[in-house]
Amino acid sequence: MLTYEIKESQLDRIKPLAEDMVSEEIEGIISEFELSISEKTTLSTKKGSVHWHVKKPDEKGVLEITYWPKKARLWIDIHNNRQRDWNLTLIKPMADRFTKEFGGRVEHVS
């Protein structure tokens, strides 16, 4: 799995009432990259998280984005069996774009 996490961001300063606004900003960034949301859910192991499956139209592969307000965490994953050229090319620029929006730095976790 390939994972980039946004570290030292300003997400820890987000008030509970503004968490939906953060999700909307993330979805706006997804749109900027001309990607579509195929699934939006929460991870059972991370209560209160918002988890998106993002795809490029007419392409295979998935980019997964998770925002966990309770822990002020945001990260992007690509599972090994879902890697394609398009998501391998976009994962780092998208992580960089998140740091422009929310501050912090990108860390390659795995």
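Reply: Start with what covers a helix. This is a predicted model, and in it the cover over the buried residues of α1 includes β2, β3, β4, β5 and α2.

Me: Which residues of α1 are buried?

Reply: V22, S23, I26, I29 and I30 are the buried residues of α1. They span an arc of only 115 degrees around the axis, so they lie on the same side of α1. On the face turned away from that buried side, α1 carries the exposed residues D20, M21 and E24.

Me: How many residues does α1 have, and how far does it reach from its first C-alpha to its last?

Reply: α1 covers residues 19-32, which is 14 residues, and reaches 20 Å. That is close to the 20 Å expected at 1.5 Å a residue. After α1 comes E34, with a positive phi near 60 degrees.

Me: Now the sheet. How do strands pair in general?

Reply: Strands of a sheet pair through backbone hydrogen bonds, either parallel or antiparallel. Here six strands form an open sheet in the order β2-β3-β4-β5-β1-β6, with antiparallel pairing.

Me: Which strands stand at the edges?

Reply: β2 (36-41) and β6 (105-108) do. Each has a single partner strand, so one side of each has no neighbour in the sheet. On average, neighbouring strands of this sheet are turned by 20 degrees against each other, with direction ignored.

Me: What packs on the sheet?

Reply: Helix α2 (residues 85-102) does, touching β1 (2-7), β3, β4, β5 (73-78) and β6. The direction of α2 makes about 170 degrees with that of β5.

Me: Is K55 buried or partly exposed?

Reply: The relative accessible area of K55 is 34%. Buried would need a value under 20% and exposed one over 50%, so K55 counts as partly exposed.

Me: Which residues is K55 in contact with, leaving aside neighbours within four places in sequence?

Reply: The contacts of K55 beyond those neighbours are L35, S36, S38, G61, V62 and W86. Take S36 as an example: K55 and S36 are 19 residues apart along the chain, yet their C-alpha atoms are separated by 5.4 Å.

Methods: Residues are numbered from 1 along each chain as its sequence is written. This is a predicted model: local features need pLDDT of at least 70, side-chain atom pairs count only at pLDDT 80 or more; totals for chains, interfaces and linings use all residues. Side-chain values use heavy atoms; hydrogens and water are left out. Buried means under 20% relative accessible area, exposed over 50%, partly exposed in between (1.4 Å probe, protein chains only). Contact means heavy atoms within 4.5 Å. Two strands pair if DSSP finds at least two bridges between them. Helices (H or I, at least four residues) and strands (E, at least two) are DSSP runs, numbered from the N terminus. Axes are lines fitted to C-alpha atoms, for helices over the stretch in contact, and angles run from 0 to 180 degrees between N-to-C directions. The expected span of a helix is 1.5 Å times one less than its number of residues. The arc is that of the directions from the helix axis to the C-beta atoms.
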